[in-house]
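Subject: Structure for your review

Dear colleague,

Please find below the structure that I am handing over to you. My notes on what was found in it follow directly after.

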Amino acid sequence: MTAAALPASDITTVLVVDDSAFARQGAIVCLRSAGLANAEFVEAGHGREALDRMRQRSVDLVVTDLNMPEMGGLELLRAIKGDSTLRTVDVVVVSSVIGPAAEAELMNEGARRVVKKPLSGAGALKMLSAVIQGHDHG
Amino acid sequence: MVEDFASSWEELETLVPDVLEGMFFADAELTDEAFDWNADTIRSAIELRHPVQGRMEVALPLDLATELCESLGVEDAPSESQLRDVAGEIVNTLAGRLQVSLAGDNEECIVGLPVTELGEPRSDRAVSGQKVFAVNDLPLIVTLMSIETSGSELKEACSS
């Protein structure tokens, strides 16, 4: 599916958080092919580094793994949603360790979407559609 | 809590091909073939804490790790760090998907963080089982170890 198939998007900067460089690159490739070909991608190896990045520059979307050293994805999500300057940023969680209970918890904590690893092109497209529709509906 | 590995192996026979295909577009097939294991090897292990308790290890020859790196777009010879990353990500994804597949709807799924080393698979230890998958005609060995053979730290982590 091409970028033209997605609705208009104001996602210009995406922060990808994962302790695996390959997982980050894989996510970036999927997100580019799903419609974010012109977005700028920023990377972080764990939650604490992600928060540092977010305080240095604005991002429109955070795509994060859960299971990371230093600070995991759930703690990162809570930190973002608990910060008045960051809480409007959409957060999507991509992880292999997500059962129904964990997914419900993440959505309750403010995640926009929860996606199973490994991320595929189709998974990235569905994820972005949900995020963008959320923007359109305010 | 899952106390034996029979159901884990049943799940892994599907999960390993599924994950390898999803991550690398590589075909993986369970095999009885005896591979000549003289190659330099990389192995990555991860704690399984809930519902399955134990340790999972994935071991693969460096040649296979290199091929998998190249399938992700690494053009020059992958660095040791990149090879470790690939092995760690494989075991991390398999372990997470395994826990989710065996957990009840309201159960937590918990795994540790992968620890990756260069060296042969841990076949000299008492193990609960080991299966070999052929990936690009090269072996990928998955080993499951019980808590009893995984050390006191894991026992403590699982009981906390």
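In this predicted model, the side chain of B:Arg43 makes a polar contact with the side chain of B:Glu117, at 2.7 Å. A polar contact here is a pair of N or O atoms within 3.5 Å; within protein, one must be able to donate a hydrogen and the other to accept it, and residues adjacent in sequence count only if both atoms are side-chain atoms. B:Arg43 belongs to strand β2 of chain B, residues 41-50. Its relative accessibility is 13%, so B:Arg43 counts as buried (under 20% relative accessible area; exposed is over 50% and partly exposed lies in between, with a 1.4 Å probe and protein chains only). Helices (H or I, at least four residues) and strands (E, at least two) are DSSP runs, numbered from the N terminus.

On conventions, residues are numbered from 1 along each chain as its sequence is written, while chains are lettered from A and ligands numbered from 1 in the order in which they are written. Local features need pLDDT of at least 70, side-chain atom pairs count only at pLDDT 80 or more, and totals for chains, interfaces and linings use all residues; side-chain values use heavy atoms, leaving out hydrogens and water.

In chain A, strand β1 (residues 13-17) is largely enclosed by the rest of the structure, because 5 of its 5 residues are buried. A:Thr13, A:Leu15 and A:Val17 point one way from β1(A), and A:Val14 and A:Val16 point the other way. Strand β1(A) pairs in the parallel sense with β2(A) (residues 40-44) over 5 bridges; two strands pair if DSSP finds at least two bridges between them. Opposite A:Leu15 stands A:Val42 of β2(A). On its other pairing, β1(A) runs parallel to β3(A) (residues 61-64), joined by 4 bridges, and there A:Val17 has A:Thr64 as its bridge partner.

Turning to the helices, the buried residues of α1(A) are A:Phe22, A:Ala23, A:Arg24, A:Ala27, A:Ile28, A:Cys30 and A:Leu31. Just after α1(A), A:Gly35 has a positive phi of about 135°.

In α2(A) (residues 47-56), A:Gly47, A:Ala50, A:Leu51 and A:Met54 are the buried residues. They cover an arc of only 100° around the axis, so they lie on the same side of α2(A); the arc is that of the directions from the helix axis to the C-beta atoms. Their cover includes β1, β2, β3 and α3 (73-81) of chain A, where contact means heavy atoms within 4.5 Å.

Yours sincerely
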